[in-house]
Amino acid sequence: MRLISPKIAFALVSFSLGELGDGLNIFQGIYLVGIGWNEGSVGLALSLMGLTVLLVQTVAGDIVDKTRIDRRLFLAAASVLTALSASAILFVHEGNTDHALIYITKIIEGIAGSFIGPCLAALTLANFGPGHFDSIMASNILWGHIGSVVAAVLAGGTAYGLYPNIKYCFLVIGAAALLAVIFVKFLPEGDPLMGRGFRGKTALDADGHLQRIDEDDDDYGEDDDYDDRDDRQQQHHQQQVSDVKPTRSEHMRSAPKAASYWEVFFEPNTLCLCLTGFFFHFSNANVLLVLGELMGGDNEDGSTKRSAIPLIASAIVLAQFTMAVATIEAGRLTNLGFGRKPLFMIGLITLPIRCALIIALKDAGEFWLIMTQILDGIGGGLCGLIHPYLVADLTFGSGRFNVVMGLTASCFGLGATLSNFLGQLMVEKYGHVASLLCSLALSIFPVLIFGCCMPETYGLRGQMAVAKRNDDQNAERKQQNEVNSYVEML
């Protein structure tokens, strides 16, 4: 008998991972500048992690798709490695030193963190199927934002209370990893094949009841990604999952034939999403770091102000709180039939407005600068929620859900990497305003790309991948018929 329902278990894991997430990177950047690092070195450290994510994320998604290992083990291991590598900042000495330690651990953090998003999305899809994926992912994202708020409050309070020993605020990361490992064991494994985007036979509803879902028998065939498996049928139960704990063998069946990498990587809508995310994060990632530098400042002796990290904590808390509200509202609108495209567009449009406001209000005081984080929350909340919805709409039925999640995340990571590195170089050479002006100009591109090229995908989940596959099969049959006719003529 389960102690925690699946939906609550996913919420608890998401909460812990939210505490573990990228929110504390901004604290690390401010801290390193305060102990003597220059902005370029900080930007390089953050960029190394982003570059690693860029290189690993797609591969991580593919591994999560094809693995026969329990995805929960990947999630627990990635959480621990992320915490250990992120906590290495505790061993950095005063002055512009220990670069190698931070650079190496940021690479490790990037590798481990690349598995967290795909694993959580795959487990959600594996358990709740395409019908309830949206609502559970909305809940996961919401609790992730709440976790980030708690982490920011704890880190900011610790930094203020222990000033000037502010590095101990990063102990929050270790505590978050411990919580994540504890709660992961309460997650059910679900249907491993449905977790990679194939059609399944049963799934949980939002209340944790098993229900039968329609299955397209044509999806099943040979798949080179899998070894031969027992052709066993799932048992269908009509009782609560709290009374049943499905075993992995119950979900084994003949593996469907996955779409080719070429089909999913070069599908026009996937490319549109990749380009949109790249330019959005290219223009966005550096903005919070610049905002923190504008608000933080130094004392007369060059040391970091006591209020610097709590101010950044306030900015993160406000943004994450707004993201949580935006996630709730976007989830509600989605349930009412509101499309993906207008919600995503609203998120994209907030960025140029935010950059312009920061430039205009840079001398107006810390309160007004922090208030611009409301726009960051709206943009991040809407785009962060709609992103997995779009990927699921485009890929369900192809068997490549997680690898496309990884591909899009890699493009997002490339944008963030360039943003952190080039943005901080701009700050170092030309100042904060020049860096923000570049972000403002770049933020127009994702609005134009998505607005002009991406169709509405609401209500088309699985249909696009199936239609593409059917078109390919019809083309193959036509070609084969032509060959047969030619042979008969001979």
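Reader: What makes a set of residues a nonpolar core, and which residues have the most contacts inside the largest one?
Author: A nonpolar core is a set of buried Ala, Val, Leu, Ile, Met, Phe, Trp, Tyr and Cys residues joined through side-chain atoms within 4.5 Å. The largest one here has 84 residues, and those with the most contacts inside it are Leu 32, Trp 37, Phe 170, Phe 344, Leu 348 and Phe 401. Helix α8 (residues 268-296) gives the most to this core, with 13 residues. Apart from it lies another core, of 26 residues, including Val 64, Ile 116, Leu 120 and Phe 128.

Reader: What do these values rest on?
Author: The model is predicted, and local features need pLDDT of at least 70, side-chain atom pairs count only at pLDDT 80 or more, while totals for chains, interfaces and linings use all residues. Residues are numbered from 1 along each chain as its sequence is written, and side-chain values use heavy atoms, with hydrogens and water left out.

Reader: Why is Asp 376 called buried?
Author: Buried means under 20% relative accessible area, exposed means over 50%, and partly exposed is in between (1.4 Å probe, protein chains only). Asp 376 has 13% relative accessibility, so Asp 376 counts as buried. This residue lies in helix α12 (residues 373-395). By the burial rule, 56% of the 490 residues of the protein chain count as buried.

Reader: Which residues is Asp 376 in contact with?
Author: Contact means heavy atoms within 4.5 Å. Leaving aside neighbours within four places in sequence, Asp 376 is in contact with Asn 284, Ala 319, Met 323 and Arg 354. With the neighbours left aside in the same way, Leu 32 is in contact with Trp 37, Val 42, Ile 89 and Val 92. Over the protein chain, 84% of the contacts with a separation of 6 or more are between residues 24 or more positions apart.

Reader: Is Gly 339 buried or exposed, and where is it found?
Author: Its relative accessible area is 12%, so Gly 339 is buried. Gly 339 is in the loop between α9 (308-335) and α10 (340-360). Not counting residues up to four places away in sequence, Gly 339 touches Glu 456 and Tyr 458.

Reader: Why are Lys 167 and Val 59 called partly exposed?
Author: Lys 167 has a relative accessible area of 22% and therefore is partly exposed. Val 59, at 48%, is partly exposed as well. Lys 167 has its place in the loop between α5 and α6 (171-184), and touches Tyr 31 and Leu 90, residues up to four places away in sequence not being counted. Val 59 lies in helix α3 (residues 39-66), and its C-alpha atom is 8.3 Å from that of Leu 407, 348 residues away along the chain.

Reader: How do you know how many disulfides there are?
Author: A disulfide is a pair of cysteine sulfur atoms within 2.5 Å. By this rule the count is 0. Cys 411 is in no disulfide, as the nearest cysteine sulfur, that of Cys 274, is 3.7 Å away.

Reader: What describes two packed helices, and why is α14 called roughly parallel to α15?
Author: Two packed helices are described by the angle between their axes and the distance between the axes. Axes are lines fitted to C-alpha atoms, for helices over the stretch in contact, and angles run from 0 to 180 degrees between N-to-C directions. The axes of helix α14 (residues 432-442) and helix α15 (residues 444-453) come within 4 Å and cross at roughly 10°. That makes α14 roughly parallel to α15, since angles under 35 degrees count as roughly parallel, over 145 as roughly antiparallel, 65 to 115 as roughly perpendicular and the rest as oblique.

Reader: Which residues of α14 and α15 meet, and what is their class?
Author: Leu 440, Ala 441 and Leu 442 in α14 meet Ile 444, Phe 445 and Pro 446 in α15. The contact of α14 with α15 has 6 nonpolar, no polar and no charged residues. Ala, Val, Leu, Ile, Met, Phe, Trp, Tyr, Cys and Pro count as nonpolar, Asp, Glu, Lys and Arg as charged, and the others, Gly among them, as polar.

Conventions: Helices (H or I, at least four residues) and strands (E, at least two) are DSSP runs, numbered from the N terminus.
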